[in-house]
Amino acid sequence: MAKKQLKKLTIRLLPILINGFRSVLNPIFSISFSFIIVNYFSKNLWGNFVEYLLFFLIATVISGWGNKNYLLRVFSENPKEMTSNWQQLFLARLPICILFIIALYFLYPKHLFLYLILWLFGAFLHNSFLSIIYYNRDYIKSISIEAIGFIALITQLLLLKNELDLTLLIKSYAISIGIKAMVSIIYYHSFLKFEKISFQLHMLLLSFPFFILGVSGFLQSKIDVYAYSFFYDGKPLGEYQIISGFYIFAQSLVTLLSFPFVKNFYRLKGESIKNLKTLIIKYGIIINLIMVGIIYATLWYGYKIKLSLLQICIGYFISFPSYVYTTHIYNLIRNKKESIVARICVFSFIINLLLSLLFLYLDYNVTGVMLANAISQLFCMFYALKYKIDE
């Protein structure tokens with residue numbers, strides 16, 4: 001009897017553990033990548049690369065156009081038309097990607113053009129399959145895609161270790177993104193078998209609310225780095241991008257804490273949601289405190305970036321609010337109130353941007369943008385709390 005219960009528990013927990021591992025894998029690879037460049041090459045090289053990275057991040061989000069979240073809902077409502085719906089939105093988003101490719105020609109050096117196309121279009125292809133991965137819960141495939149891409153990147157860095165510069169780093173990164181795209185195509189090639197090519201641009205209108213939600217959420221978490229890039233480049237920008245990346249990772253841990261309940265969230269009653277909220281906040285206080293300590297130690301010993309006591313305290317309030325408002329956001333989305341979630345993200349993003357620019361103008365440097373980030377997160381938390389948890 002005990003063996004049966006253990007087997008049953010294992011069957012339930014295994015997908016949760018695998019998805020938890022999958023969700024932290026990409027941030028871990030990103031942190032490892034920055035660590036290798038900073039420690040074995042230079043902070044200036046990393047900072048110069050970040051200037052390219054920031055453009056491609058926003059380009060990927062915009063060309064994604066709410067792809068993942070919109071299609072997950074559409075797939076659930078009409079599983080039989082899964083391939084057709086995926087293809088329609090893919091083709092509708094393709095012109096946006098092409099516009100960014102054209103922009104590359106005018107924005108960046110011509111000798112990098114083909115590699116930058118590979119980077120942008122490779123990311124577009126790879127991200128297009130995320131809705132399928134999440135809907136089918138193909139977590140093992142997702143892990144293998146990320147791992148193969150990272151191994152390809154590190155292999156290139158090892159081969160080029162004696163001559164690596166910005167050009168070679170960009171080429172290596174673009175090739176690794178292209179490899180991820182190729183592996184994704186191998187897994188999901190059947191979705192690319194178009195019976196007809198038809199650009200149904202109305203799909204962009206249908207998915208627009210999810211686009212706003214995705215872009216505003218992205219900017220909410222990244223706008224301080226973009227603001228910092230207006231004032232600094234090279235080494236200072238590279239260092240702040242690393243700091244910001246660690247706190248974004250700390251914020252994302254709440255998704256791991258709440259994931260076991262998300263599958264059944266739509267069926268939870270008001271009291272159960274309140275209990276879940278209390279549980280997440282209670283453990284979040286301790287987890288976030290531990291994470292702040294880990295971030296401080298890792299930045300100092302791994303990157304030679306030392307945060308002051310004030311910056312450590314501010315950092316706590318960058319990552320903690322997510323433990324408070326996550327269940328509220330889930331509940332709003334459950335009630336199809338994505339517009340409210342988008343409004344929260346947009347206001348938070350605007351506050352973060354304006355305060356970041358102001359504090360940077362007043363020469364508060366890293367402390368200023370961290371404070372702006374913390375204030376915007378606290379605003380996000382209190383705004384989300386306006387909406388009753390059991391509505």
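The model here is predicted, with local features needing pLDDT of at least 70 and side-chain atom pairs counting only at pLDDT 80 or more, while totals for chains, interfaces and linings use all residues. Residues are numbered from 1 along each chain as its sequence is written, and side-chain values use heavy atoms, leaving out hydrogens and water.

**Exercise 1.** Work out how helices H10 and H16 run relative to each other.

*Solution.* Start with the helices, which are DSSP runs (H or I, at least four residues) numbered from the N terminus. Find H10 at residues 208-231 and H16 at residues 365-384. Their axes come within 10 Å and cross at roughly 160 degrees. So H10 is roughly antiparallel to H16 (the label for angles over 145 degrees).

**Exercise 2.** Find the residues of H10 and H16 that make the contact.

*Solution.* Look for heavy atoms within 4.5 Å. H10 brings Gln220, Asp224 and Tyr228. From H16 come Asn365, Val366, Val369, Asn373, Gln377 and Cys380.

**Exercise 3.** Describe the largest cavity and its lining.

*Solution.* A cavity is a set of points on a 1 Å grid where a 1.4 Å probe fits but cannot get out, and lining residues have an atom within 4 Å of a point. The structure holds one of 30 Å³ or more, and the largest cavity has a volume of about 50 Å³. Its lining includes Asp224, Tyr240, Met370 and Asn373. Now sort by helix: H11 (234-262) and H16 each give two or more residues, with the largest share, six residues, from H11.

Methods
Axes fitted to C-alpha atoms, helices over the stretch in contact; angles between N-to-C directions. Parallel < 35°, antiparallel > 145°, perpendicular 65-115°, else oblique. 1 Å grid on protein atoms, 1.4 Å probe; cavity = no way out; pocket = protein on both sides within 12 Å on 5 of 7 lines; lining within 4 Å. Points joined across faces, edges and corners; volume = space filled by probe spheres on them.
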